Amino acid sequence: MSNILEVRDLNVFYGQSHALQGVNLTLGSGVLSVVGRNGMGKTTLCKAVMGLVPVRSGSISFNGHSLAGLGSAEIARLGIGYVPQGRRLWRSLTVDEHLKLVATKGGDWTPERIYSVFPRLAERKSNGGAQLSGGEQQMLAIGRALLLNPRLLVMDEPTEGLAPVIVNQVAEMLIRLGQEGDIDVLVIEQNIGVACSVAEQVAIMVNGKVNRVMDAGLLAADRDLQQALLGVGRHAHDETPDDVAATPVAEQAAPTSHRVYISNPRVPTRWTPPVPVHVIAQAARTVTAARSPSEAVAVPRGDTGRNGIVYVCGTLDTKGEELRFMRDIIKAQGVRVALVDLSTSGKPSGADIPPTAIAGLHPRGTSGVFTGDRGTAVAGMTVAFERWIKTRSDVAGLLAAGGSGGTALVAPAFRVPPVGVPKMIVSTVASGNIGQYVGPSDITMMHSVADVQGINSITREVLGNAANAVANMAKARQTLVPASDKPAIGLTMFGVTTPAVQQIMAELEDDYDCLVFHATGTGGRAMEKLLSSGMLDAVVDLTTTEVCDMVAGGVFAADETRFDAMIADGRPYIGSCGALDMVNFNAPNTVPDKYKGRLFYEHNPQITLMRTTPDENAEMGRFIGEKLNQMNGVVRFFLPEGGVSAIDAPGQPFWDPAANKALFETLEQTVRPTANRQLVRTSHNINDPEFAELVIKTFRSFHARPVKRSA
């Protein structure tokens, strides 16, 4: 199979200046980021691929076909889309005219899909190119390129000059393109954080050459290499020196106006002559700093939607009367409310958010939802609704009502907002096993008693209670004062690791709000959800026992996403092998027959523990080790040789040095150690005071003691 893009010994000159010097680069599939300082030849590489600059020597092939001698139009027709630096839009054409001008029939990307990916463009579709903000212009430039339905997308500095929220949106879109696999992407980017987040591999250009191609995670974690090759401290967007302290809010200066002079009004290259003083003076602009103290304080991610909208969600074609009944009650409470229609019938909708607006968020656009087949349509709408909720920052509450199908339709999306945002589902299945719907979130399930079918004496009471409850929860959150102003830590614990967690809490609780999560399958997922929601500042993940049940089929199992929140978070991770010696089952008669003859321990009449074998420990070691390798932040994972639980110690029923050896050695064989990522062996049992002291010392080394706030 041919590589989608292959550049070999490429040389490009500008007059006598040797811009590209024997560049070699290969993109097999997915997303490849190219980074480097200004003037290193990145834009020239893009232009060479697109046939915009003459190539002195070397070759460029696209999907096995040589691009030598082809013009830009021919290259575009072959299937290469181009998002140039500076956007290059037509000032007089509207957004809609830009898109319709390049739209092709029969492709996956249509103007409607572009509008669904970038809703802001839909709002500005009648505005000319000159009337758009920088972020809107970049959205339009990307949309214009996607409408060609290219096989390869070449993007030159797509996040340059954009606000952080737009940067995040562009980054998410690139990640989505890479995952879907229909379009491969070569992205030129100076923002190291974006470059490393959207691609698995990053090529670094230095003085017209590709210095190296390396793993994105390793580059993101290696600040010394970033400094040496790219001249950045943290990332291209964060160059604050380490020794500069943040200015306290109370000491910030009053609003002032000042002149900002840019020494290089145009982005310089290696060949740019010195800029005359009068040009710099003419390019200066006046800036007024008028930030109030309250604006200067960053809002935690967990506060999302505190003063936003309550969304009443469901299929209006079958539950319209019930949903509108609840909507009206919430509105009467003085709470902002909107009706979201998740119908797949294609009937006209009078909802505030119609089905087409939701369906447009499906990876294949509305065609992925309105399929004509009820089963696939509902499945598609479930995916689209979850993705739509992920785009919202104004969710003050969520409310839905329905049967098993309606509950399954809304539940994945309802699990998205952070803990604390009211989420209620009135459901006919709420009196049964609801774990599959609630998961690790704080969804409230209310039994409908009667079927959700019309307003009657029963449903009026139940639906009214639900609507009033959500309305009042949303109002209460508007004035809710946090119970603690201390940073929050998540700690995982089991009964057999309780002494260790208690010792750590006793040392840290004066400075931190210590939240303990029972490692019963949902406990680990709940902790990771809080971390993803911005409601935890750190984790001490001592008890990773849920991996045992995942491997051996126990009742407290994690899933394949265990540790993924820590991977995405990037902050220091402290973990250990707590209770990896046991698989959990219910009463003894529930243990599968295949485990007859194994070593068991009755924890209580309802819980039976089974000792893990060397083979199971090796499998767990590989799983955990591979997850640790994906973490870009500091990692310290402790291996307590004296035992991983209270009953894994000399003289205790689960003491098995051979099984522990298999775990520790597999971890050491799997984990790729770096200065940031280390396994730490200790001779102590996990519950020994010395072990807790080592964990506390390590934690303190990565987390500065919080400054106490004055009353």
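Strand β13 (residues 309-314) pairs with β14 in the parallel sense over five bridges, where helices (H or I, at least four residues) and strands (E, at least two) are DSSP runs numbered from the N terminus, and two strands count as paired if DSSP finds at least two bridges between them. Within this pairing, the bridge partner of Cys313 in β14 is Val340. The model is predicted, so local features need pLDDT of at least 70 and side-chain atom pairs count only at pLDDT 80 or more, while totals for chains, interfaces and linings use all residues. Residues are numbered from 1 along each chain as its sequence is written, and side-chain values use heavy atoms, with hydrogens and water left out.

Both strands belong to an open sheet of five strands in the order β14-β13-β15-β16-β17, with parallel pairing. Its edge strands, each pairing on one side only, are β14 (337-341) and β17 (444-447), and the twist from one strand to the next averages 20°.

| Helix | Strands | Angle |
|---|---|---|
| α13 (residues 316-332) | β13, β14 and β15 (395-402) | about 170° with β14 |
| α18 (residues 457-478) | β13, β15, β16 (423-427) and β17 | about 175° to β16 |

The protein chain as a whole has 25 helices and 26 strands. Buried residues, meaning those under 20% relative accessible area with a 1.4 Å probe and protein chains only, make up 48% of its 711 residues. Among contacts between residues at least 6 apart in sequence, 70% join residues at least 24 apart.

With a disulfide taken as a pair of cysteine sulfur atoms within 2.5 Å, the count comes to zero. The sulfur of Cys548 is 9.7 Å from the closest cysteine sulfur, in Cys577, which is too far for a bond. Cys548 is itself buried, at 1% relative accessibility, and Cys46 is buried as well, with a relative accessible area of 0%.

Confidence is given by pLDDT, the predictor's score for each residue from 0 to 100; the protein chain averages 83, and 86% of the residues score at least 70. The lowest confidence lies in helix α12 (residues 293-296), at a mean of 30, and the highest in helix α24 (residues 657-670), at 97. Over residues 285-304 pLDDT stays under 50, and the model has 39 contacts beyond four places in sequence for them. Where pLDDT is low, the predicted coordinates should not be read in detail.

Terms used: Buried < 20%, exposed > 50% of the residue type's maximum accessible area, 1.4 Å probe, protein only. Contact = heavy atoms within 4.5 Å. Axes fitted to C-alpha atoms, helices over the stretch in contact; angles between N-to-C directions.
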